[in-house]
Each structure stands twice: as structure tokens, then as C-alpha cells.
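Let's take a walk through this model together.

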Amino acid sequence: MNTEKIAARRLSLEEVTKLSVKDRLFVSADTAELKLPDCYVPAFLTKSGEDFEGGSITARTVFQEEVSCLPGDENEAGIYLADENGSETIEVLQSAGVVLDLALFVPGGDKGSLTALYAAARQAFGADIVQIWRQGLKEVPDVKVDILEEQIPRGRKGSDSPKRDRRAIDTYPTRADFIEFSAGWKPVVEIHRPIVDDTPTI
């Protein structure tokens, strides 16, 4: 396990409420899936400290996990800030690398082209460095679509027509699987129809 010891100080609840979402802090690395006692990870608050209610703080780690804690509770791991003059030393979990979760379109998609793609990645980053942990191959239809997001209606049916927001034009329908839609919105996929401008020209 790759860790680094850094000087830090534990923040009180009052200090945490003064932090913004841009402030880098350290929270417990202990999760339900992975038990790492007395180890911390870099993180950022999900919203400004002053906007949290009830003393419970939620932070998103650099590993895209959300951690909730009560900074004022001495029985919890707490939230730390790097400080050269800090009275404590904490062990911070380092990143081993990055797992790429990409949507790659390979024209034709035969086995030879996929093998060449993996070989090129290994050549660029080193043999045995690039590991393919999950490979989901999916053929895509030769059709272009508009991907929009539509607001999920609330209240009575038929009260208002749902609002729409265009997310991507002229793309493949499988791209919708990789777009993060806003809370309260749902994806809508429609056959792409080019916009024709009938404005007369001179």
C-alpha cells in the first residue's frame, strides 16, 4: 500500500463551515468496501461548509467516493487540513494510477483492430502496465441521434409541457450511457433531424 505521511491539523466544526468546495482537505479512507483504519485520502466538500446543516459534512474524495462525517465528534476520524506546523501526522493514501472508463468507437470493430488498439496503449505506457479489467464490447447501429435531457415532471399530469435541454447532437445512441444527467432530468434519444434554415439569402 502506497502512503505518505504529512503534517496536518484536525479541523473543528466551526472551521469546516468556513471552507469552500475548492479547499483541499483529508478525510478517512475507511469505506464499507475497503477497510483502511487510520488512513486518509484527499477530498473536497460537496458544497460550501456553511451550507451543511446538522453538523454532518459530506466530502467527495479524489477516488470519487462520498464520505460523511461529524467533524465535532471526537469518536470519528474527522477532517484534516495540511499544515506544516500541525500537531499531528496523518497517513495519506496515494493514487496507484487511473482506470479509464472510455467509450471508444472502433470502425468495423474486428478483433485485429482491437488488438492493435491494446498494443498501442501498452507501447505508450509500458508492457504489463495497461491492464484490461473490464471489456464491454457493444456493436452500435449506423444511425445518428440527438441526445437531450428532459425535466422529470412534478405534480399533476399535463400541467406543463416538460422542459428540454440539448446535450449532444449527431452522435451514436450508446453515448447516452456515458452522459451524467442532472438530478431531476431524464435522457431522451431521438433520430437526428438536421435543422434546415429557410431564411432567404441574397
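This is a predicted model: local features need pLDDT of at least 70, side-chain atom pairs count only at pLDDT 80 or more; totals for chains, interfaces and linings use all residues.

Residues are numbered from 1 along each chain as its sequence is written, and side-chain values use heavy atoms, with hydrogens and water left out.

Start with the nonpolar cores. A core here is a set of buried Ala, Val, Leu, Ile, Met, Phe, Trp, Tyr and Cys residues joined through side-chain atoms within 4.5 Å. Buried means under 20% relative accessible area and exposed means over 50%, with partly exposed in between, using a 1.4 Å probe and protein chains only. The largest nonpolar core has 19 residues, and those with the most contacts inside it are Leu11, Leu25, Val27, Leu45, Ile57, Ala59 and Ile79. Two or more of its residues come from each of β2 (25–28), β3 (39–45), β4 (57–61) and β5 (66–69). Strand β3 gives the largest share, four residues. Strands like these are DSSP runs (E, at least two residues), as helices are (H or I, at least four), numbered from the N terminus. A second, separate core of seven residues includes Ile6, Ala8, Phe26 and Tyr80.

Contact means heavy atoms within 4.5 Å. Leaving out residues up to four places away in sequence, isoleucine 57 touches Val16, Leu45, Phe52, Val67, Ser68, Cys69, Pro71 and Ile79. Leucine 11 sits in the loop between β1 (3–10) and α1 (13–16), and at 3% relative accessibility it counts as buried. For a sense of scale, leucine 11 and phenylalanine 181 are 170 residues apart in sequence and 34 Å apart in space, C-alpha to C-alpha.

Which residues make up the one aromatic pair that a search of the whole structure finds? They are tyrosine 40 and tyrosine 80: their ring centres are 5.1 Å apart and their planes are at 75°, so the pair is edge-to-face. For reference, rings of Phe, Tyr and Trp (its six-membered ring) pair if their centres lie within 6.5 Å, and planes under 30 degrees apart count as stacked, over 60 as edge-to-face and the rest as tilted. The pair links distant parts of the chain, with tyrosine 40 in strand β3 and tyrosine 80 in strand β6 (residues 80–82), 40 residues apart. Both tyrosine 40 and tyrosine 80 are buried.

Proline 42 is also in strand β3 and is buried, at 6% relative accessible area. Its contacts, not counting residues up to four places away in sequence, are Arg24, Leu25, Phe26, Thr61, Val62, Val92 and Leu93. Threonine 61, in strand β4, is buried too, at 3%. Beyond four places in sequence, threonine 61 touches Val27, Val41, Pro42, Ala43 and Val67.

For a contrast, look at the loops. Glutamine 64 lies in the loop between β4 and β5 and is exposed, with a relative accessible area of 61%. It has a positive phi of about 65° although it is not a glycine. Lysine 35, in the loop between β2 and β3, counts as exposed at 59%.

Finally, the pockets. About 1,800 Å³ of space lies in the largest pocket. It is lined by 39 residues, of which Leu100, Leu102, Leu104, Tyr118 and Arg134 lie nearest its centre. Helix α2 (residues 111–125) gives the largest share of that lining, six residues. The second largest pocket holds about 310 Å³ and is lined by 18 residues, with Leu34, Leu36, Phe63, Glu65 and Leu93 nearest its centre. A pocket is an open set of points, on a 1 Å grid over the protein atoms alone, where a 1.4 Å probe fits, with protein on both sides within 12 Å along at least five of seven lines; lining residues have an atom within 4 Å of a point. Grid points are joined across faces, edges and corners, and a volume is the space filled by probe spheres set on the points.
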